[in-house]
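Please keep the sequence and the structure in view while reading.

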Amino acid sequence: MWTRMQIRVVSNKMIRVTQVENEEKLKELEEFNLWNLVFSFFKEKLNDTYIPVDLYSEKTCLKVELLESNTTYSVVLCRWFDPKLCLVSFLGLVLFFCGDLLSRSQLFHYSAGISIGMLASLLILIYVMAKVMPKKSPIYFILVGGWSFSLYLIQLAFRNLREICKWYWQYLLGYVLLVGFGSFAVCYRYGPLENERNISLLTWSLQLLGLLLMYSGIQIRPIALALIAVAVCTKNLEYPVQWLCATYRKVQEATAKPSPPRLLTEEEYRLQGELETRRALEELRGYCSSPEFSAWTVVSRIQSPKRFADFVGGASHLTPNEVSVHEQEYSLGGSFVEDQLFEEDEDDSFEGEGRPGFSVSRNHLGFE
């Protein structure tokens, strides 16, 4: 999956290596052509050249042009595991699954802007100049051709990046600082994306870039296509799963029998009554203290204005006499409890067909 194949051409002197599609193209290179002559000036002269080879290619054609006499060279086929391809595939997976998060991240906004500014500064400069120059100006054609030249320079810089970092690191550091600061200033000036449509376009672009990276990082094309299909299905699997879960819950609610409500215990009933009573009293105090409450109208209608004022101030809503009467009535041994006990005894009295029965009440004993 992550195996790379290359043809290495090593020579003792400078040579020019050109890769073509087939033998017919090789014959065309032998003939004089103005385009081939112009292209030869841009072709690099190296003594160590690497030519990538596709795993599924049956034939690879190349031409080795000797520029000096007494030049010897060797052609070697190399095949090895390339961790860069694995990294590209992993980066594609991250972009595809995290594209929606990255498109809303400020860190990704600034880092991507600075990176694009440093890598494509020439392209951006040519684009800005093309916007400024009039379209009928002769220099406009030069700017259009400058895109290809800029891409060539970027490719050349990446190919010789190790030598640049070794011998010209001062200029490279100055370029990174200068262009990086300028790119950061531009990103800070315009800020992150806020429009939802622009964010959606950026998300789709990142996901498409992730799919392309996954396809290019895996050398076996059927496995790459299968991985892309699995990633797309996994990314969009949540929508049918949510729809199935919602449908299942609706079917369950429609077919299930209603469960009987749970009854409160005596202790829960007592605690709930005390809690709701305190809450209602606090709401009543708050309403009576609000500007919307008409105090004079209420005071003119109640019997004890002082007691009402004490209640609004935070006093109890019951007098000690009322509390004492309540305890005598509803406490253990009170009249209410005795009435409840004797009513239960009456419900449990014996009744039968053809047999005498009796019932017991609090005040008398009767026979039936």
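## A buried arginine

R285 touches F311, V312, G314, A315 and S316 when residues up to four places away in sequence are not counted, a contact being heavy atoms within 4.5 Å. This is a predicted model, in which local features need pLDDT of at least 70 and side-chain atom pairs count only at pLDDT 80 or more, whereas totals for chains, interfaces and linings use all residues. Residues are numbered from 1 along each chain as its sequence is written, and side-chain values use heavy atoms, with hydrogens and water left out.

R285 belongs to helix α13 (residues 266–288), where helices (H or I, at least four residues) and strands (E, at least two) are DSSP runs numbered from the N terminus. With a relative accessible area of 12%, R285 is buried; buried means under 20%, exposed over 50% and partly exposed in between, for a 1.4 Å probe and protein chains only. Its side chain makes a polar contact with the side chain of E282 at 3.3 Å, a polar contact being a pair of N or O atoms within 3.5 Å, of which, within protein, one must be able to donate a hydrogen and the other to accept it, while residues adjacent in sequence count only if both atoms are side-chain atoms.

## A buried lysine

K235, in helix α11 (residues 221–235), has a relative accessible area of 19% and is therefore classed as buried. A polar atom of the K235 side chain lies 3.2 Å from the backbone oxygen of F97, and, leaving aside neighbours within four places in sequence, K235 is in contact with F96, F97, D100 and Q207.

## Nonpolar cores

The largest nonpolar core has 8 residues, namely M5, I7, V9, I15, V17, I51, V53 and V64; such a core is a set of buried Ala, Val, Leu, Ile, Met, Phe, Trp, Tyr and Cys residues joined through side-chain atoms within 4.5 Å. Strands β1 (3–20) and β2 (46–53) each supply at least two residues of this core, and β1 gives the largest share, 5 residues. A second, separate core of 5 residues includes F96, M214, I228 and A231.

## The protein overall

The protein contains 17 helices and 6 strands, and buried residues make up 18% of its 368 residues. Among contacts with a separation of 6 or more, 74% are between residues 24 or more positions apart.
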